[in-house]
Amino acid sequence: MFKRSKRSKLEEANVLLGEAKVLGQQKKYQEAVEAIEKAIVLFTHENDRQKLDLSKALLYEFKAEQSIKFNRALEASNYLGRAGGFYMRLHMVNDLNRVYKKQADILLILARQTMKEKHFIEAASYFEQAAMAYQKLKNKEMELDCKAKSYVSRAAAEKTISGRKIFLKKAVELMQETGTDNPIIKGHLAYYNGLFIKDEKKEEALRYFSEALQNYQKAGMSKRVEEIKKMIDDLTTSL
């Protein structure tokens, strides 16, 4: 009778990698992390660079999911960024886009939350990071919107009207540079033009907001449409 040969370290590592993937699909992220950490040790010993990079990408992605589960959004964003770096090295485009999309969305949520809490400089930083993530995804509309919102956040942090105008003007100029017929970007341009003058020229600002509303409706941006309608109502009441 032949004795069954022992698994090689490489075979054992591949088994652990497969187990980690299944555990990840089952959302058992802690167990997935433990399995993949063992696989990483073995792939390192065997000097299998490709499998090692894949294992590290999955490790950081599973850690990100754990962080999301426990409401540690910034930590999750950092892990997703690391996972993206390994997927990029492996030329795994679909996986790369998936983690960058999730990272961008998390950063955008963080930016909006901190903006509501009036932590304007922190919000600006998150908007800037979200813009970089959307840039990697080649999502020009979201990239520009996040960049512009970072200027709006910095404007909100300024104590003087002249200081605020400097950053609001940058938001307007950013949109003007694109020179596109895209209704989303045209809506953004009108919106930031309205913000720039709403304290001093309310009627003109209303015209800009109305133009923004039309473009956002054309683009099917329901949330932004409701936001602009409220701004128009508030501004109309103050006339």
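Buried means under 20% relative accessible area. T114 has a relative accessible area of 7%, so T114 is buried. The model discussed here is predicted.

## Overall build

The protein chain has 11 helices and zero strands. From the N terminus on, the order of elements is α-α-α-α-α-α-α-α-α-α-α.

How does the radius of gyration compare with that of a compact globule of 239 residues? Such a globule would come out near 18 Å, but the protein chain has 24 Å. The C-alpha trace spans about 95 × 35 × 25 Å along its principal axes.

Burial covers 41% of the 239 residues. Among contacts with a separation of 6 or more, 53% are between residues 24 or more positions apart. The accessible surface of the chain is about 14200 Å². Carbon and sulfur atoms hold 51% of that surface.

Charge comes next. There are 44 positive and 33 negative side chains. The centres of these two sets lie 3 Å apart.

T114 sits in helix 5, which runs over residues 93–116. Its side chain reaches back to the backbone oxygen of A111, at 3.0 Å. Which residues does T114 touch once neighbours within four places in sequence are left aside? They are H119, E122, A123 and Y126.

S150 belongs to helix 7, residues 140–157. The relative accessible area of S150 is 3%. That is under the 20% limit, so S150 is buried as well. A polar atom of the S150 side chain lies 2.5 Å from the backbone oxygen of K147. Beyond neighbours within four places in sequence, S150 is in contact with A124, F127 and E128.

## Two loop residues with positive phi

K27 lies in the loop between helix 1 (9–25) and helix 2 (29–46). K27 is not a glycine, yet its phi is positive, about 65°. Is K27 buried or exposed? Exposed means over 50% relative accessible area, and K27 has 60%, so K27 is exposed.

N47 lies in the loop that joins helix 2 to helix 3 (49–69). N47 is not a glycine either, and has a positive phi of about 60°. Its relative accessibility is 64%, so N47 counts as exposed.

V41 is part of helix 2. At 56% relative accessibility, V41 passes the 50% limit and therefore counts as exposed.

## Accessibility side by side

The table collects the residues discussed above.

| Residue | Relative accessible area | Class |
|---|---|---|
| T114 | 7% | buried |
| S150 | 3% | buried |
| K27 | 60% | exposed |
| N47 | 64% | exposed |
| V41 | 56% | exposed |

## Summary

The predicted chain is built from 11 helices, without strands. In helix 7, S150 has a side-chain polar atom 2.5 Å from the backbone oxygen of K147. K27 has a positive phi of about 65°, and N47 has one of about 60°.

Definitions and conventions: Residues are numbered from 1 along each chain as its sequence is written. This is a predicted model: local features need pLDDT of at least 70, side-chain atom pairs count only at pLDDT 80 or more; totals for chains, interfaces and linings use all residues. Side-chain values use heavy atoms; hydrogens and water are left out. Helices (H or I, at least four residues) and strands (E, at least two) are DSSP runs, numbered from the N terminus. Buried means under 20% relative accessible area, exposed over 50%, partly exposed in between (1.4 Å probe, protein chains only). A polar contact is a pair of N or O atoms within 3.5 Å; within protein, one must be able to donate a hydrogen and the other to accept it, and residues adjacent in sequence count only if both atoms are side-chain atoms. Contact means heavy atoms within 4.5 Å. The radius of gyration is taken over C-alpha atoms; the globule rule is 2.2 Å times the number of residues to the power 0.38. Accessible areas come from the Shrake-Rupley method with a 1.4 Å probe; for residues, only the protein chains shown count as cover. Lys and Arg count as positive and Asp and Glu as negative; His and the chain ends are not counted. The place of a charge is taken as NZ of Lys, CZ of Arg, CG of Asp or CD of Glu.
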